[in-house]
Amino acid sequence: MVSATPLEQANQLHQSGDFAAAASAYEAILQQGGPRASIYYNLGNSYQSLKKYGPAILAYERARVIDPRDPDLLANLALARKAVAVVEDVTIHPWVHAVVHYLSRNEWSWIVAGAALTLGGLGLACGVVRLPRRFSFAAAILASLLLGLGAGVLYLRKGESTHGVVLSENAAVRISPFEKADSIGTAAQGRVVKMGAKRGDFQYVEVPGSSLQGWLAAKDLARVLSP
């Protein structure tokens with residue numbers, strides 16, 4: 001008799017309603033096998049079933065880094081945000097935001113690399129063989145446009161490496177990195193924040209769309225992208 005794989009066991013735990021055990025099983029799969037959008041998605045579903053919306057949103061955000069167009073993922077991320085009344089911070093026009101995030105950063109990087117190689121290849125080919133002028137001109141224009149677009153998108157998204165998600169409910173933002181320091185506000189569970197320097201057990205954060213910035217206990221948040 002063939003024993004169930006770790007993924008099958010995790011899925012069985014989720015289907016049986018043991019969401020805590022399922023979440024632990026999915027976490028173990030990720031630690032052993034590396035990031036996979038489908039596993040992060042299942043992990044987010046387990047946490048959402050447990051009403052742990054901060055960890056759920058973190059898992060969904062990590063899945064979206066890999067697969068930004070999955071409709072089920074985007075729908076469940078929206079549900080988790082709605083449950084804790086947080087919204088995605090959009091600092092550019094909505095349709096520009098949609099274009100910029102339609103592809104993953106890796107996909108945009110491949111476009112930039114492919115466009116640059118195409119331009120280089122065209123330059124090399126023109127020096128060796130005689131290509132039709134109309135073809136070489138059109139290919140060069142297209143590659144240049146893709147190169148410029150991809151580079152612009154990657155520039156707009158350069159700050160994503162500092163993004164973190166607040167895991168705890170009403171996490172206190174303090175004026176200095178000490179447990180007894182005065183609180184200057186709270187960051188909502190599931191809120192995406194910008195992470196700065198780390199001092200001991202505290203992380204400096206800025207909450208986009210507000211003037212709130214200060215020190216948050218490191219246990220209360222996690223980075224979306226691996227450092």
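A: A strand is a DSSP run of at least two residues marked E. In this predicted model, strand β2 covers residues 171-174, and Arg174 lies in it.

Q: Is Arg174 buried or exposed?

A: Buried means under 20% relative accessible area. Arg174 has 17% relative accessibility, so Arg174 counts as buried.

Q: Which backbone oxygen does the side chain of Arg174 reach?

A: That of Ala181, at 2.9 Å. Leaving aside neighbours within four places in sequence, the contacts of Arg174 include Ala181, Glu179, Asp182, Phe202 and Trp215.

Q: Now a helix. How many residues does α5 have, and how far does α5 reach?

A: Helix α5 runs over residues 71-83, which makes 13 residues. From first C-alpha to last, α5 reaches 18 Å, close to the 18 Å expected at 1.5 Å a residue.

Q: Which residues of α5 are buried, and why do they line one face of the helix?

A: An α-helix has 3.6 residues a turn, so residues three or four places apart point the same way. In α5 the buried residues are Leu73, Asn76, Leu77, Ala80 and Arg81. Seen down the axis of α5, these fall within an arc of 140°, so they line one face. They pack against α3 (37-49) and α4 (53-66). On the other side of α5, Pro71 and Lys82 are exposed.

Q: What caps the N-terminal end of α5, and what comes just after the helix?

A: Asp70 is the cap: a side-chain oxygen of Asp70 lies 2.9 Å from the backbone nitrogen of Asp72. Just after α5, Ala85 takes a positive phi of about 55°.

Conventions. Residues numbered from 1 in each chain as written. Predicted model: local features only at pLDDT ≥ 70, side-chain atom pairs only at ≥ 80, totals over all residues. Heavy atoms only, no water. Helix = DSSP H or I, 4+ residues; strand = E, 2+ residues; numbered from the N terminus. Expected span 1.5 Å × (residues − 1). Buried < 20%, exposed > 50% of the residue type's maximum accessible area, 1.4 Å probe, protein only. Arc of directions from axis to C-beta. Contact = heavy atoms within 4.5 Å. Polar contact = N/O pair within 3.5 Å; in protein donor to acceptor, adjacent residues only side chain to side chain.
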